[in-house]
Amino acid sequence: MNTTFRTCMAFALMAVAVGAFAQAQQPPKVEGGWVRSSVPGQQGTGAFMRLTATEPLQLVGAATPVAGVAELHEMRMEGDVMRMRAVDKLDLPAGRTVELKPGGYHLMLMDLKQPLPQGSSVPLTLLFRNAKGVDSKLELKLPVAIRPPGRGGGAQPKARAMDRQSMDAHKY
Ligand SMILES: [Cu+2]
């Protein structure tokens, strides 16, 4: 294999890579995104949103400058006990809204580098993979709040009780 050929191969591979990114999928629609506020000394919090993909995608990762680690977690009741575990991906079927919410799937932000006061905002990058294995990123800026935005008073006592359970589950 001569040098010229090798150089051509490198360019060809680069072109493939660039092509793959150029035809990257439509990003999913993101609605109702928010990050739960934290107090000084708090190690972790959650990010929540509704995602609707236009083609089948998987959410495979997340990153934010405000936390050392951002993980996708699943929380659910097993008998009487709320349990949480890290999952490496979440399926986003085309046209179906998948909700990341307290008590269900959520993005866990750990090793917080600073307190997140209500009214501030958090940059968050989501990483998606389509059926062909092509990755794409979506940059978001989510508001920090103490409870989900745009919800009336009625459902809150229940939501709060569940949140406390969620927080307890995270200590294990
Ligand atoms: Cu979690």
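Arg-76 is partly exposed, at 42% relative accessibility, where buried means under 20% relative accessible area, exposed over 50%, and partly exposed in between (1.4 Å probe, protein chains only). This arginine meets Glu-74 in a salt bridge, one of 5 salt bridges counted. The model is predicted, so local features need pLDDT of at least 70 and side-chain atom pairs count only at pLDDT 80 or more, whereas totals for chains, interfaces and linings use all residues. Residues are numbered from 1 along each chain as its sequence is written, and side-chain values use heavy atoms, with hydrogens and water left out. Strands, like helices, are DSSP runs numbered from the N terminus (helices: H or I, at least four residues; strands: E, at least two).

**Salt bridges**

- A salt bridge is a side-chain nitrogen of Lys or Arg within 4 Å of a carboxyl oxygen of Asp or Glu.
- Between the side chains of Glu-74 and Arg-76, the N to O distance is 3.2 Å.
- Glu-74 also forms a salt bridge with Arg-85, where the closest N and O atoms are 2.7 Å apart. This pair links distant parts of the chain, with Arg-85 in strand β5 (residues 81–86) and Glu-74 in strand β4, 11 residues apart.
- Glu-74 counts as buried because its relative accessibility is 8%, whereas Arg-85 counts as partly exposed at 45%.
- Another salt bridge joins Glu-78 to Arg-83, with the closest N and O atoms 3.2 Å apart. Glu-78 is partly exposed at 41% relative accessibility, and Arg-83 is partly exposed with a relative accessible area of 46%.
- Salt bridges that share partners join Glu-74, Arg-76 and Arg-85 into one network.

**The aromatic pair**

- A pair of aromatic rings is described by the distance of the centres and the angle of the planes.
- Rings of Phe, Tyr and Trp (its six-membered ring) pair if their centres lie within 6.5 Å; planes under 30 degrees apart count as stacked, over 60 as edge-to-face and the rest as tilted.
- By this rule the structure has 1 aromatic pair. Its members are Trp-34 and Phe-48, in a tilted arrangement with 4.8 Å from centre to centre and 35° between the planes.
- The pair connects distant parts of the chain, since Trp-34 belongs to strand β1 (residues 29–36) and Phe-48 to strand β2, 14 residues apart.
- The C-alpha atoms of Phe-48 and Trp-34 are 5.5 Å apart in space.
- Trp-34 counts as buried because its relative accessibility is 3%, and Phe-48 is buried with a relative accessible area of 5%.
- Contact means heavy atoms within 4.5 Å. Leaving aside neighbours within four places in sequence, Phe-48 is in contact with residues including Trp-34, Arg-36, Leu-100 and His-106.

**The nonpolar core**

- A nonpolar core is a set of buried Ala, Val, Leu, Ile, Met, Phe, Trp, Tyr and Cys residues joined through side-chain atoms within 4.5 Å.
- The largest such core has 29 residues, of which Met-49, Leu-59, Leu-92, Leu-107, Leu-124 and Leu-126 touch the most other members.
- At least two residues of this core come from each of β2 (45–52), β3 (57–63), β4 (67–78), β6 (90–92), β7 (97–100), β8 (106–112), β9 (121–130) and β10 (135–145).
- Beyond its neighbours within four places in sequence, Leu-92 has contacts that include Pro-28, Leu-51, Leu-59, Val-98 and Phe-128.

**Strand pairing and backbone**

- Two strands pair if DSSP finds at least two bridges between them.
- Strands β3 and β9 run antiparallel and are joined by 6 bridges. Gly-61 has Leu-127 in β9 as its bridge partner.
- Strands β9 and β10 also run antiparallel, with 9 bridges between them. Arg-129 has Asp-135 in β10 as its bridge partner.
- The hairpin of β9 and β10 has 4 residues between the strands, and Gly-133 in this hairpin takes a positive phi near 85°.
- Asp-111 has a phi near 55°, which is a positive value in a residue other than glycine. Asp-111 lies in strand β8 and counts as partly exposed at 43% relative accessibility.
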